[in-house]
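Here's a quick briefing to read alongside the sequence and the 3D view. Have a look at both, then work through the points below.

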Amino acid sequence: MADEQARGKWNRKYSEAPSGKPGACAALKEYAFLLPATGTALDLACGRGGNALFLARRGLQAHAWDISGEAIGTLVREAEAEGLRVVTAVRDVQASPPAPGTFDVICVSFYLEREICGALTEALSPGGLLFYQTFIHEKVTDEGPSNPAYRLGANELLGLFAPLHVLAYRELGRVGDTGQGVRDTAWLVAQKRLDQTK
Ligand SMILES: C[S@@+](CC[C@H](N)C(=O)[O-])C[C@H]1O[C@@H](n2cnc3c(N)ncnc32)[C@H](O)[C@@H]1O
């Protein structure tokens, strides 16, 4: 989708949708104990920045990028209200992904652009952590995008970030009692090990 089309679509969505307090994704909340005490953290395609606010509360230098100025505006107001510092940018991350070695933590939730996964791996500093959670094909509810291109195939996240060391991976699909567990999404928490240069 062209940059201006995506921007318009998301700005409209955010201006129409009620803006409750944005929360962090389940993968980040559950594995927050893995976070470093200090360092730089990026919430990529942040929306209203629930992950960025969470990371800033943990004492990290939080950055948050999104193509939607509407979403970033809400995040700026929320950060100010809480007295948190979040460095925000209205940025097309497909055209301008983060530069190599620039973040100790990268968090992506409910955004999928396969072409930049290599750049995200490179953008992690040695020892850096990736938290990624987004929708899968094998769904239980109707939540998330209807276009299958924006949903992950089975174990696909593992392949997209194959150079990283897996710390946690979850993809429950429709197995067992679908009333339990976080469904509809896959989660990957992974680390760029010191001997990895890519
Ligand atoms: C489903 S929302 C998820 C937002 C947030 N990560 C969350 O978990 O609530 C997808 C986000 O991706 C953003 N987005 C879409 N294309 C983008 C692009 N090329 N560059 C940056 N952000 C983009 C949208 O503006 C939207 O905020």
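Is Pro22 buried or exposed? Pro22 is buried, because its relative accessible area is 16%; buried means under 20%, exposed means over 50%, and partly exposed is in between, using a 1.4 Å probe and protein chains only. Before going further, note that this is a predicted model, where local features need pLDDT of at least 70, side-chain atom pairs count only at pLDDT 80 or more, and totals for chains, interfaces and linings use all residues. Residues are numbered from 1 along each chain as its sequence is written, and side-chain values use heavy atoms, with hydrogens and water left out.

**Around the ligand**

- The ligand takes up the space of the largest pocket. Here a pocket is an open set of points on a 1 Å grid over the protein atoms alone, where a 1.4 Å probe fits and protein lies on both sides within 12 Å along at least five of seven lines. A molecule sits in one if more than half of its atoms lie within 2 Å of its grid points.
- There are 14 residues surrounding the ligand, and the closest are Tyr14, Ala45, Asp66, Asp92 and Ser109; a residue counts if one of its heavy atoms lies within 4 Å.
- Sorted by class, that shell holds 8 nonpolar, 3 polar and 3 charged residues. Ala, Val, Leu, Ile, Met, Phe, Trp, Tyr, Cys and Pro count as nonpolar, Asp, Glu, Lys and Arg as charged, and the others, Gly among them, as polar.
- Ala45 places a backbone N or O atom 2.8 Å from a nitrogen atom of the ligand.
- The side chain of Asp92 has an N or O atom 2.8 Å from a ligand nitrogen atom.
- Val93 has a backbone N or O atom 2.9 Å from a nitrogen atom of the ligand.
- On its own the ligand exposes 590 Å², and the protein buries 83% of that (areas by the Shrake-Rupley method with a 1.4 Å probe).

- Pro22 sits in the loop between α1 (3-16) and α2 (26-30). Helices (H or I, at least four residues) and strands (E, at least two) are DSSP runs, numbered from the N terminus.
- Pro22 and Ala52 are 30 residues apart along the chain, and their C-alpha atoms are 9.7 Å apart.
- Trp65 belongs to strand β2 (residues 61-66), and Trp65 counts as buried because its relative accessibility is 8%.
- From Trp65 to Leu172 it's 107 residues in sequence and 29 Å in space, C-alpha to C-alpha.

**Loops and positive phi**

- Most residues other than glycine have a negative phi.
- Asn155 isn't a glycine, yet it has a positive phi of about 60 degrees. Asn155 lies in the loop between β5 (124-135) and α6 (156-160), and it is partly exposed because its relative accessible area is 44%.
- Ala154 is also in the loop between β5 and α6, and at 68% relative accessibility Ala154 counts as exposed.
- Ala154 and His137 are 17 residues apart in sequence, and 7.7 Å apart in space from C-alpha to C-alpha.
- Asp184, a residue other than glycine, has a positive phi near 70 degrees. Asp184 is in the loop between β6 (165-171) and β7 (185-191), and it is buried because its relative accessible area is 4%.

Terms used. Polar contact = N/O pair within 3.5 Å; in protein donor to acceptor, adjacent residues only side chain to side chain. 1 Å grid on protein atoms, 1.4 Å probe; cavity = no way out; pocket = protein on both sides within 12 Å on 5 of 7 lines; lining within 4 Å.
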